[in-house]
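Here is a quick tour for anyone opening this model for the first time. Have a look at the picture, then read on.

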Amino acid sequence: MGKVLSELEKRYDLKETNIYLHGDGAGWIQTGLEWLPNSQHVLDKFHKNKALKKVCAGLDGQTRRAMEKALRAALDEG
């Protein structure tokens, strides 16, 4: 990770830059958050959809679709 940070510091002013690490929060993302200044984890669309499907599993089709739609709307609204 030190090599990545060195390259970023050469190219950018990291004091004025926000860094967003997209993914599911795996170990490499957590390590990146520790190493990279002004960095934040953002759940990517793939993993967000995967989590929504898991939350709604077991519901009948119509209820599941309505619940997924409501949850997406709530997430979009923050």
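## Before we start

A residue is called buried when its relative accessible area is under 20%, exposed when that area is over 50%, and partly exposed in between (1.4 Å probe, protein chains only). This is a predicted model, so local features need pLDDT of at least 70 and side-chain atom pairs count only at pLDDT 80 or more, while totals for chains, interfaces and linings use all residues. Residues are numbered from 1 along each chain as its sequence is written, and side-chain values use heavy atoms, with hydrogens and water left out.

## The overall layout

The protein has four helices and two strands. Helices (H or I, at least four residues) and strands (E, at least two) are DSSP runs, numbered from the N terminus.

How does the radius of gyration of the protein stand against that of a compact globule of 78 residues? The protein has 17 Å, whereas such a globule would be near 12 Å. This radius is taken over C-alpha atoms, and the globule rule is 2.2 Å times the number of residues to the power 0.38. Along its principal axes, the C-alpha trace spans about 55 × 25 × 15 Å.

## Surface, contacts and charge

Contact means heavy atoms within 4.5 Å. Take the contacts between residues at least 6 apart in sequence: 20% of them join residues at least 24 apart. As for charge, there are 13 positive and 11 negative ones, and their mean positions are 8 Å apart. Lys and Arg count as positive and Asp and Glu as negative, with His and the chain ends not counted; the place of a charge is NZ of Lys, CZ of Arg, CG of Asp or CD of Glu.

## Around the two strands

D24 sits in the loop between strand 1 (19-23) and helix 2. D24 is partly exposed because its relative accessible area is 43%. Leaving aside neighbours within four places in sequence, D24 is in contact with I29, H41, L43, D44 and H47. Its C-alpha atom is also 8.2 Å from that of K48, 24 residues away along the chain.

Next comes N38, in the loop between helix 2 (27-35) and strand 2 (39-43). Its phi is near 55°, a positive value in a residue other than glycine. Most residues other than glycine have a negative phi. N38 has 38% relative accessibility, so it counts as partly exposed.

Q40 belongs to strand 2. Is Q40 buried or partly exposed? At 40% relative accessibility, it counts as partly exposed. Beyond its neighbours within four places, Q40 is in contact with I19, Y20, L21 and L33. Q40 and H22 are 18 residues apart in sequence, and 8.6 Å apart in space, C-alpha to C-alpha.

## Helix 4 and its end

Helix 4 covers residues 61-77, and at 1.5 Å a residue its 17 residues should span 24 Å, which agrees with the 24 Å between its end C-alpha atoms. The expected span is 1.5 Å times one less than the number of residues. After the helix comes G78, with a positive phi near 85°.

R72 lies in helix 4 and is partly exposed, with a relative accessible area of 25%. Setting aside neighbours within four places in sequence, R72 is in contact with N49 and L52. R72 and L52 are 20 residues apart in sequence, with 8.1 Å between their C-alpha atoms.
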